[in-house]
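User: Hi, I have a structure open and would like to go through it. Can we take it topic by topic?

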Amino acid sequence: MSASYDDNNIFAKILRGEIPSFKVYEDADTLAFMDVMPQSAGHTLVIPKTGSRNLLDVDPAVLSKTIPVVQKIAIAAKKAFAADGIQIAQFNEAASGQTVYHLHFHIIPRFDGVALKPHTGKMEDMEVLKANAEKLKAAL
């Protein structure tokens, strides 16, 4: 294992309300919100409220509360966006592509014949994110 958990990462700041987000779902243990650089319409992130860098250091009890929410959001995203499939991605450490060191799951609606947009750092229009969040919440 490499470094320890840094509670100043962007997702920890979202959890503390220091950075705004378009929340889709929240319970005592998890938060789901729109990815601001979506690779597809409806790209959502699910995070546990308990801090851990990634899957390699998360407490299994935390993970057992997070995975059902990942499934719940995936089912709703498929319905809300009429997706042909759902991609779920989760990265562990820099070599895998992880850039935010708070465990998170990407839920990405996929459509036959449509490539994913790159995760380049260009933020989506806030009105689009807000509309997609409402669409997903309605499907929950």
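User: How many aromatic pairs does the structure hold?
Analyst: The structure holds 1 aromatic pair. Rings of Phe, Tyr and Trp (its six-membered ring) pair if their centres lie within 6.5 Å; planes under 30 degrees apart count as stacked, over 60 as edge-to-face and the rest as tilted. Phe-11 and Phe-33 form the pair, which is edge-to-face, with 5.5 Å centre to centre and 75° between the planes.

User: What does the pair tie together?
Analyst: Phe-11 sits in helix α1 (residues 10–15) and Phe-33 in strand β2, so the pair ties together parts that are 22 residues apart in sequence. Helices (H or I, at least four residues) and strands (E, at least two) are DSSP runs, numbered from the N terminus.

User: Are Phe-11 and Phe-33 buried or exposed?
Analyst: Both are buried. Buried means under 20% relative accessible area, exposed over 50%, partly exposed in between (1.4 Å probe, protein chains only).

User: Before we go on, what kind of model is this?
Analyst: This is a predicted model: local features need pLDDT of at least 70, side-chain atom pairs count only at pLDDT 80 or more, and totals for chains, interfaces and linings use all residues. Residues are numbered from 1 along each chain as its sequence is written, and side-chain values use heavy atoms, with hydrogens and water left out.

User: Back to β2. How many of its residues are buried?
Analyst: 5 of the 5 residues of β2 are buried. Both faces are covered. Thr-30, Ala-32 and Met-34 are on one side, and Leu-31 and Phe-33 are on the other.

User: Why two sides?
Analyst: In a regular strand the side chains alternate between the two faces of the sheet.

User: Which strands pair with β2?
Analyst: β2 (residues 30–34) pairs with β3 (residues 44–48) in the antiparallel sense over 5 bridges. Two strands pair if DSSP finds at least two bridges between them. In β3, Ile-47 is the bridge partner of Leu-31, and Leu-45 stands opposite Phe-33. β1 and β2 also pair in the antiparallel sense, over 3 bridges. There, Tyr-25 stands opposite Ala-32. β1 and β2 form a hairpin with 3 residues between them.

User: And the whole sheet, in what order do the strands come?
Analyst: The 5 strands form an open sheet in the order β1-β2-β3-β5-β4, with antiparallel pairing. The edge strands are β1 (23–26) and β4 (85–89), and each pairs on one side only.

User: Which helices touch the sheet?
Analyst: Helix α2 (residues 60–80) lies across β1, β2, β3, β4 and β5 (105–110), running at about 15° to β5. Helix α3 (residues 126–139) packs on the sheet and touches β1, β2 and β3. The direction of α3 makes about 35° with that of β1. Axes are lines fitted to C-alpha atoms, for helices over the stretch in contact, and angles run from 0 to 180 degrees between N-to-C directions. Contact means heavy atoms within 4.5 Å.

User: New topic. Where does Tyr-101 lie?
Analyst: Tyr-101 is in the loop between β4 and β5. Tyr-101 is partly exposed, with a relative accessible area of 22%.

User: Which residues does Tyr-101 touch?
Analyst: Leaving out residues up to four places away in sequence, Tyr-101 touches Tyr-5, Asn-9, Ser-52, Arg-53, Glu-93 and Ala-94. The side chain of Tyr-101 reaches the backbone nitrogen of Ala-94 at 3.3 Å.

Terms used: Polar contact = N/O pair within 3.5 Å; in protein donor to acceptor, adjacent residues only side chain to side chain.
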